[in-house]
Amino acid sequence: MAKLSQRAARPIEVSVNGSPRPVSLPLHREEGDDADAEPASRRPVSLAQFQDQLQSNYPPLHLATASEDDSSPEEDVAARTATDAGDADFVVGPQAAAFRARCFPEATDAEWNDWKWQLRHRIRDLAGLERCLRLSPDEHETAVRLGDRLPVGITPYYASLMDPDDPMDPIRRTMLPIADEFEHSAGESEDPLNEDGDMPVEGLVHRYPDRVLFLVTSFCATYCRYCTRSRLVGKTGEYHFNTRQFERALAYIEATPEIRDVLISGGDPLTMNDERIDWLLTRLRAIPHVEFIRIGSKIPCVLPQRITPALATILRKHHPFWMSVHFMHPAEITPEVAQSCGRLADAGIPLGSQTVLTRDVNDDPETMKRLMHALLRIRVRPYYIYQCDPIPGSRHFRTPVETGLRIIEALRGHTTGYAVPNFVIDGPGGGGKIPLSPEYVVGRDGDDLLIRNYEGHVFRYPDPLPDGAVSLAGRAGSTAR
Ligand code: SF4
């Protein structure tokens, strides 16, 4: 269950259908607080009390397409796959065409290009895996050990990018479980970023003062083995994603004027249907202090058929609206993905990439450079490379931090500046993103700053310090190296 944030309690007003109503948010209650010292309406209350208060304040919400009840992510597929004609204008690349002929020969063009057909036909069990791939003994034994319900989901489109004979295929490594996942190491944690500890309302992470992370679903089209939120994706349990939870989160955002930026994530928000996405964005856009809305998604990469003209039309209504898209390897940049990102870019949506640095997937400078170049070609700006978070059983994915620094070193100055993302570690326990960079300031010599270029040549830049100022580049008057 979500714990309360450590921010100070303060009385607020929640606007309900345009009328302000006082609510005391249970942000934090110190030991020894004298609750009787304040009027009842301003007294900090428990999270349960706050939730009850919100429920009684809000009239029931009626959404034709939204369920009021929690349902399992897989049950929810049915609701997501009711109808849709295939997108006749959508491209089918050569790899997908060959794979479809081999593994899904019965699928028509219209079906293959229908994102709901793709969701319905995800590969989720041993039989499905064996239908499309020649499994290694490790992959096979792990699948048997995990049983009937593998924590696996792969769209047929994304499976088409895998080498059926090579277990070291980089995309395959990110999707298929292997025995290394059962080995848990020191420092690993279910919630390595302590997101649950920064949730003032269930599903809403408020870590940085001016922005929130709004988790809206535990469902993804594909499940990545290294996922930071592996504790919740593809599962039901203590996390609840439904309209009531959305209303509580929206009330908190509405009542917290410092929040100017909302990142919608999950799970993958673009697996929700069009109406629900439109409803959520409309509600957020109606909050005056929310300046900036983003969605984090892997859909344009693993289920590009989801980026229909209708969805692009909905998203463009809510500008300024940005999107962060999760990419792992240059092999993901196909004609289909170029079309999905092109539709989003044509709708005026700035696209940035997020990539997890992962051993034997993308942990060498040449692979990363090819990925960054390919992203620029499809109008996605490389944004972040993340050091892999220490979730349980992730040691085989993690690289030394030095590997990431070497990759940035190999990009910076050696290629277009736009192709160089930020390399960050998300601080374990909730420290936020910490940028890491190779050192280009090598020291100071008197009034000169000594700086190094991408070729390793050192240059002097005249940079006298004001009296009393302390140099960040080492002690004034000395040469660091
Ligand atoms: S798509 Fe994102 S949220 Fe879903 S499993 Fe992959 S990393 Fe996790």
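**View 1. The shell around the ligand.** By class, the shell around the ligand consists of 5 nonpolar, 3 polar and 3 charged residues; Ala, Val, Leu, Ile, Met, Phe, Trp, Tyr, Cys and Pro count as nonpolar, Asp, Glu, Lys and Arg as charged, and the others, Gly among them, as polar. The residues around the ligand are C220, Y223, C224, C227, R229, V233, G266, G267, D268, K298 and H326, where a residue is near a molecule if its C-beta atom, placed from the backbone, lies within 6 Å of it. The model is predicted: local features need pLDDT of at least 70, side-chain atom pairs count only at pLDDT 80 or more, and totals for chains, interfaces and linings use all residues. Residues are numbered from 1 along each chain as its sequence is written.

**View 2. Two cis peptide bonds.** G266 and G267, both in the ligand shell, are joined by a cis peptide bond with omega near 20°. G267 belongs to the loop between β5 (261-265) and α11; helices (H or I, at least four residues) and strands (E, at least two) are DSSP runs, numbered from the N terminus. The peptide bond from H319 to P320 is also cis, with omega about 0°. P320 sits in the loop between α13 and β7 (321-326).

**View 3. Helix α11 against helix α13.** The axes of α11 (residues 274-285) and α13 (residues 309-316) come within 10 Å and cross at roughly 5°. The pair is therefore roughly parallel, a term for angles under 35 degrees, with those over 145 called roughly antiparallel, 65 to 115 roughly perpendicular and the rest oblique. Axes are lines fitted to C-alpha atoms, for helices over the stretch in contact, and angles run from 0 to 180 degrees between N-to-C directions. D274, I277 and D278 of α11 meet A310, L311 and I314 of α13; two residues are in contact if their C-beta atoms, placed from the backbone, lie within 7 Å. These contact residues divide into 4 nonpolar, no polar and 2 charged.

**View 4. T155 and its surroundings.** T155 is in the loop between α7 (137-146) and α8 (156-159). T155 counts as buried because 22 C-beta neighbours lie inside 10 Å; the class buried needs 20 or more other C-beta atoms within 10 Å of the residue's own, exposed means 12 or fewer, and partly exposed lies in between, with C-beta atoms placed from the backbone. Apart from neighbours within four places in sequence, T155 contacts Q118, R122, A221, T222, V302 and L303. From T155 to T222 the C-alpha to C-alpha distance is 6.4 Å, across 67 residues of sequence.

**View 5. Helix α10.** The 12 residues of α10 (residues 243-254) should span 16 Å at 1.5 Å a residue, and the end C-alpha atoms are 16 Å apart, which agrees; the expected span is 1.5 Å times one less than the number of residues. Buried residues in α10 are F246, R248, A249, L250, A251, Y252, I253 and E254.

View 6. N194, a residue other than glycine, has a positive phi near 50°. N194 lies in the loop between α9 (170-175) and β3 (204-205), and counts as partly exposed with 17 C-beta neighbours inside 10 Å. R379 is not a glycine either, and its phi is positive at about 70°. The loop between α15 (365-377) and β9 (381-387) holds R379, which counts as partly exposed with 15 C-beta neighbours inside 10 Å.
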